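Here's a quick briefing for anyone meeting this structure for the first time. Take a look at it, then read on.

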Amino acid sequence: MERRRQCLVAAAAEAARTLRERWPMLRTVWLFGSVLDPDAFCRHSDLDLALEGLPDEDHLAALRVVEAVVDPALAAAGERGVAIDVVRCEDLPPHWRQRLRQRALALS
(Lines give C-alpha, C1' and ligand atoms only; values in the text may rest on other atoms or scores of the structure.)
Protein backbone atom coordinates (compact mmCIF):
# COMPACT_ATOMS: atom_id res chain seq x y z
CA MET A 1 0.00 0.00 0.00
CA GLU A 2 2.76 2.44 0.90
CA ARG A 3 4.43 1.93 -2.48
CA ARG A 4 1.17 2.73 -4.25
CA ARG A 5 0.60 5.79 -2.07
CA GLN A 6 4.10 7.11 -2.74
CA CYS A 7 3.68 6.47 -6.46
CA LEU A 8 0.47 8.52 -6.41
CA VAL A 9 2.11 11.39 -4.55
CA ALA A 10 4.99 11.44 -7.06
CA ALA A 11 2.60 11.24 -10.01
CA ALA A 12 0.50 14.07 -8.55
CA ALA A 13 3.63 16.24 -8.30
CA GLU A 14 4.46 15.52 -11.94
CA ALA A 15 0.86 16.28 -12.92
CA ALA A 16 1.10 19.60 -11.06
CA ARG A 17 4.20 20.53 -13.08
CA THR A 18 2.44 19.61 -16.31
CA LEU A 19 -0.65 21.61 -15.33
CA ARG A 20 1.49 24.67 -14.54
CA GLU A 21 3.14 24.42 -17.97
CA ARG A 22 -0.23 24.35 -19.70
CA TRP A 23 -1.92 26.91 -17.41
CA PRO A 24 0.77 29.27 -16.08
CA MET A 25 -1.91 31.31 -14.31
CA LEU A 26 -2.49 28.49 -11.81
CA ARG A 27 -1.67 29.81 -8.37
CA THR A 28 -1.61 26.49 -6.53
CA VAL A 29 -2.20 22.81 -7.13
CA TRP A 30 -3.27 21.21 -3.85
CA LEU A 31 -3.03 17.49 -3.08
CA PHE A 32 -5.52 16.42 -0.42
CA GLY A 33 -7.39 13.45 0.93
CA SER A 34 -6.36 9.99 2.09
CA VAL A 35 -3.26 9.86 -0.11
CA LEU A 36 -1.62 12.20 2.41
CA ASP A 37 -2.35 9.90 5.35
CA PRO A 38 -0.65 6.48 5.33
CA ASP A 39 -3.09 5.26 7.99
CA ALA A 40 -6.17 6.25 5.97
CA PHE A 41 -4.89 5.26 2.52
CA CYS A 42 -6.27 2.01 1.09
CA ARG A 43 -6.43 0.16 -2.23
CA HIS A 44 -9.63 2.02 -3.18
CA SER A 45 -8.41 5.51 -2.27
CA ASP A 46 -8.68 8.06 -5.03
CA LEU A 47 -6.38 10.93 -5.98
CA ASP A 48 -7.75 14.35 -5.04
CA LEU A 49 -6.40 17.59 -6.51
CA ALA A 50 -7.71 21.13 -6.12
CA LEU A 51 -6.60 23.74 -8.64
CA GLU A 52 -6.49 27.39 -7.68
CA GLY A 53 -6.70 29.80 -10.59
CA LEU A 54 -7.89 27.41 -13.31
CA PRO A 55 -10.43 28.94 -15.70
CA ASP A 56 -13.82 27.24 -15.39
CA GLU A 57 -13.90 26.26 -19.06
CA ASP A 58 -10.64 24.30 -18.66
CA HIS A 59 -11.78 22.02 -15.84
CA LEU A 60 -12.29 18.90 -17.97
CA ALA A 61 -9.12 19.53 -19.96
CA ALA A 62 -7.18 19.72 -16.69
CA LEU A 63 -8.66 16.40 -15.56
CA ARG A 64 -7.53 14.81 -18.85
CA VAL A 65 -4.01 16.20 -18.34
CA VAL A 66 -3.85 14.70 -14.85
CA GLU A 67 -5.08 11.33 -16.12
CA ALA A 68 -2.51 11.39 -18.92
CA VAL A 69 0.29 11.77 -16.35
CA VAL A 70 -0.97 9.60 -13.49
CA ASP A 71 -2.25 6.55 -15.39
CA PRO A 72 1.07 5.78 -17.16
CA ALA A 73 3.04 6.43 -13.96
CA LEU A 74 0.95 3.87 -12.10
CA ALA A 75 1.20 1.36 -14.95
CA ALA A 76 5.00 1.76 -15.06
CA ALA A 77 5.10 0.95 -11.34
CA GLY A 78 2.96 -2.14 -11.86
CA GLU A 79 -0.05 -0.58 -10.20
CA ARG A 80 -3.61 -0.47 -11.49
CA GLY A 81 -5.45 2.75 -12.22
CA VAL A 82 -7.01 5.13 -9.76
CA ALA A 83 -10.08 7.33 -9.66
CA ILE A 84 -9.04 10.96 -9.98
CA ASP A 85 -10.97 13.94 -8.65
CA VAL A 86 -9.99 17.42 -9.82
CA VAL A 87 -11.85 20.40 -8.37
CA ARG A 88 -11.45 24.13 -8.85
CA CYS A 89 -10.82 25.96 -5.59
CA GLU A 90 -13.07 28.76 -6.79
CA ASP A 91 -16.00 26.33 -6.88
CA LEU A 92 -15.55 25.29 -3.24
CA PRO A 93 -17.30 26.92 -0.29
CA PRO A 94 -15.03 29.19 1.79
CA HIS A 95 -14.72 26.69 4.65
CA TRP A 96 -13.39 24.02 2.25
CA ARG A 97 -10.86 26.47 0.78
CA GLN A 98 -9.67 27.23 4.30
CA ARG A 99 -9.45 23.53 5.07
CA LEU A 100 -7.30 23.00 1.98
CA ARG A 101 -4.87 25.67 3.11
CA GLN A 102 -4.62 24.01 6.52
CA ARG A 103 -4.48 20.32 5.60
CA ALA A 104 -3.52 19.90 1.96
CA LEU A 105 -0.09 19.74 0.38
CA ALA A 106 0.71 22.54 -2.07
CA LEU A 107 2.42 20.93 -5.06
CA SER A 108 3.10 24.17 -6.88
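How many helices and strands are there in the chain? There are three helices and four strands, counted as DSSP runs (helices are H or I with at least four residues, strands are E with at least two) and numbered from the N terminus. Keep in mind that this is a predicted model, where local features need pLDDT of at least 70, side-chain atom pairs count only at pLDDT 80 or more, and totals for chains, interfaces and linings use all residues. Residues are numbered from 1 along each chain as its sequence is written, and side-chain values use heavy atoms, with hydrogens and water left out.

**Overall layout**
- The C-alpha atoms fill a box of roughly 35 × 25 × 20 Å along the principal axes.

- Of the 108 residues, 43% count as buried (under 20% relative accessible area with a 1.4 Å probe, protein chains only).
- The chain exposes about 5,800 Å², with carbon and sulfur atoms supplying 53% of it (Shrake-Rupley method, 1.4 Å probe).
- Take the contacts (heavy atoms within 4.5 Å) with a separation of 6 or more: residues 24 or more positions apart account for 73% of them.

**A look at Glu-52**
- Glu-52 sits in strand β2, which covers residues 47–52.
- Glu-52 is buried, at a relative accessible area of 12%.
- Leaving aside neighbours within four places in sequence, Glu-52 is in contact with Leu-26, Arg-27, Thr-28, Trp-30, Cys-89, Glu-90 and Arg-101.

Conventions:
Buried < 20%, exposed > 50% of the residue type's maximum accessible area, 1.4 Å probe, protein only.
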